[in-house]
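Please read them with the structure open.

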2 protein chains.
Amino acid sequence: MSRTRVPVTLEEHKMALSCLRGRIVLIDDYPEILSALVPLFEMEGYYCESYLSAESYLDYDAERPLPFPGPWCVLSDVKLPGIDGLELQRVLIEKGNPPLILMSGNSGALEAVEGLRKGAIDFLIKPFDADDLLSVISDAMIKSCQTQQEAREVSNANERYALLTTREAEIIDRVLLGKINREIAEELDIALRTVKLHRQHAFEKLGVVKVVELVKVISLVKKD
Amino acid sequence: MSRTRVPVTLEEHKMALSCLRGRIVLIDDYPEILSALVPLFEMEGYYCESYLSAESYLDYDAERPLPFPGPWCVLSDVKLPGIDGLELQRVLIEKGNPPLILMSGNSGALEAVEGLRKGAIDFLIKPFDADDLLSVISDAMIKSCQTQQEAREVSNANERYALLTTREAEIIDRVLLGKINREIAEELDIALRTVKLHRQHAFEKLGVVKVVELVKVISLVKKD
DNA sequence: TAAACAACTACCCCAAAGGGCAAGGCAACA
DNA sequence: TGTTGCCTTGCCCTTTGGGGTAGTTGTTTA
């Protein structure tokens, strides 16, 4: 094993650390809000991007090569010129559904209900407390981590499952129903040895050794 | 098997049918609301109780012998004299957390946010459409059925799990980690035969035959 | 004090799982 | 036409699971 030491600037190092803590996409059409919140978030160790409109964020996001790899969330005002917070929510749900925190100046109950019903983490009503905000952000980051972790596991399981041939899938489906090899052989009208072989291949492809592990992997596949 | 035919009145039969469709506990301090909604719900085949205050419902509920066995939900106004909708929500969460739908005349964004954050199914803003209301009610009943079904399964699994002796639980824990009997025997420094015996007893008590079934039962126990 | 229960063990049995080795049939593809 | 992948099988072997019978020890309870 060789460790290569890549030279980095202090700036790059700081940014890497911030990304580790989490990235906040902040959208508000009031410049004062941005200039008040960005330093707050950066002080807390987050990496924060700010936008004056949902469009400017979405445009920037569209031309980006890869999705952000660490925990992140979007904090957006509901009332925005052009695409508003609720429309933004619809777009975000399409593309990965990152944790979204909505905020609003005037108490718009209808917007709040719609936003929360569609899965927003929270709906903050201005003016709000900085500590409350940070606490909500923290929750969002935790949720983001969990979601990403789970997404990785699910896609891993799906990739492995996709490697199975039709016959192999047929056989492990029956294994999961608690059937024993002999029963499966009779059901499919094939030799016991054949069942064992498919089962063995399927286990190898799925990267499992025991039935318990099999159940866990397949439970990830069969639930999206 | 003998079927006994119990004589019932037409009224009782109708009520039984309504209970099957679902029970709605309606709370609003405006009598006009109650007299408008109760017939609507009954027309739809629900069994509907109405109250002018949260207290009167909670009092009535306290002296009742058994919780309602079928699907049900609570539909309550937020602004009530005495105990308001949000306080009622706190109480309900304590006692079984049935599906709760909140409604409000004035657009109180703060209440809406708090209610939804604490798990209310929906927050309706008056005036609302009858069809919307019925659709939400229907969702709530579905959720109630699912919750009750799951609660039954979980409590069943817990009862069975509670029957296990310490040793038996130790052994099935290790079985769930994918360990084989020989490994478990070495770990606990007991004879292989003893492991088999405990395993056998545990399987009998849990009502399972295969490892796959074991995983399902225990997943219900280990997640509350 | 006897009974019930939990935990433990040895000896012995059979069924099932797991897998190595060798090999045939069939379809797609280069 | 040869290669490759998938599905198939038989023979034979070891390990593991599951369990019957019979017995010991210690603790709790009626």
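This is a predicted model: local features need pLDDT of at least 70, side-chain atom pairs count only at pLDDT 80 or more; totals for chains, interfaces and linings use all residues.

1. What is the strand order of the open sheet in chain B? The order is β2-β1-β3-β4-β5, with 5 strands and parallel pairing. The edges are β2 (47–51) and β5 (122–125) of chain B, and each of these pairs on one side only. On average, neighbouring strands of this sheet are turned by 20° against each other, direction ignored.

2. **Pairing of β3 in chain B.** Strand β3 (residues 72–77) of chain B pairs with strand β1 (residues 23–27) of chain B. The sense is parallel, over 5 bridges. A residue pair to look at here is B:L26, which stands opposite B:L75 in β3(B). β3(B) is also joined to β4(B) by 4 bridges, and these two strands run parallel. There, B:D77 stands opposite B:M103 in β4(B).

3. **Burial of β4 in chain B.** Strand β4 (residues 100–104) of chain B is mostly covered, with 5 of its 5 residues buried. Both faces are covered. B:L100, B:L102 and B:S104 lie on one side, and B:I101 and B:M103 on the other.

4. **Strand β1 in chain A.** How many residues of strand β1 (residues 23–27) of chain A are buried? The count is 5 of its 5 residues, and the strand is mostly covered. A:R23, A:V25 and A:I27 point one way from β1(A). A:I24 and A:L26 point the other way. Note that A:R23 is among the buried residues. β1(A) runs parallel to strand β2 (residues 47–51) of chain A, and 5 bridges join them. The bridge partner of A:I27 in β2(A) is A:Y51.

5. **Helices α2 and α6 in chain B.** Helix α2 (residues 31–43) of chain B and α6(B) cross at roughly 60°, and their axes come within 12 Å. The two helices are therefore oblique to each other. The crossing is right-handed. From α2(B), the contact uses B:L37, B:L40 and B:F41. From α6(B), it uses B:A130, B:L133, B:L134 and B:I137. By class, that gives 7 nonpolar residues, no polar ones and no charged ones.

6. **Helices α7 and α10 in chain B.** Helix α7 (residues 166–176) of chain B packs on helix α10 (residues 211–221) of chain B at an angle of about 110°, with the axes 11 Å apart. That makes α7(B) roughly perpendicular to α10(B). The crossing is left-handed. B:I172, B:V175 and B:L176 of α7(B) meet B:L214, B:V215 and B:I218 of α10(B). By class, this contact has 6 nonpolar, no polar and no charged residues.

7. **What covers α10 in chain B.** Which residues of α10(B) are buried? They are B:V212, B:L214, B:V215, B:V217, B:I218, B:L220 and B:V221. Their cover includes elements of chain A, namely α7 (166–176) and α10 (211–221). From chain B, the cover includes α6 (130–162), α7 and α9 (192–206). Please view α10(B) with both chains displayed, as its cover includes helices of chain A and of chain B.

Technical notes: Residues are numbered from 1 along each chain as its sequence is written. Chains are lettered from A and ligands numbered from 1 in the order in which they are written. Side-chain values use heavy atoms; hydrogens and water are left out. Two strands pair if DSSP finds at least two bridges between them. Axes are lines fitted to C-alpha atoms, for helices over the stretch in contact, and angles run from 0 to 180 degrees between N-to-C directions. Angles under 35 degrees count as roughly parallel, over 145 as roughly antiparallel, 65 to 115 as roughly perpendicular and the rest as oblique. A crossing is left-handed if the near helix is turned anticlockwise from the far one by less than a right angle, and right-handed if clockwise. Contact means heavy atoms within 4.5 Å. Ala, Val, Leu, Ile, Met, Phe, Trp, Tyr, Cys and Pro count as nonpolar, Asp, Glu, Lys and Arg as charged, and the others, Gly among them, as polar. Buried means under 20% relative accessible area, exposed over 50%, partly exposed in between (1.4 Å probe, protein chains only).
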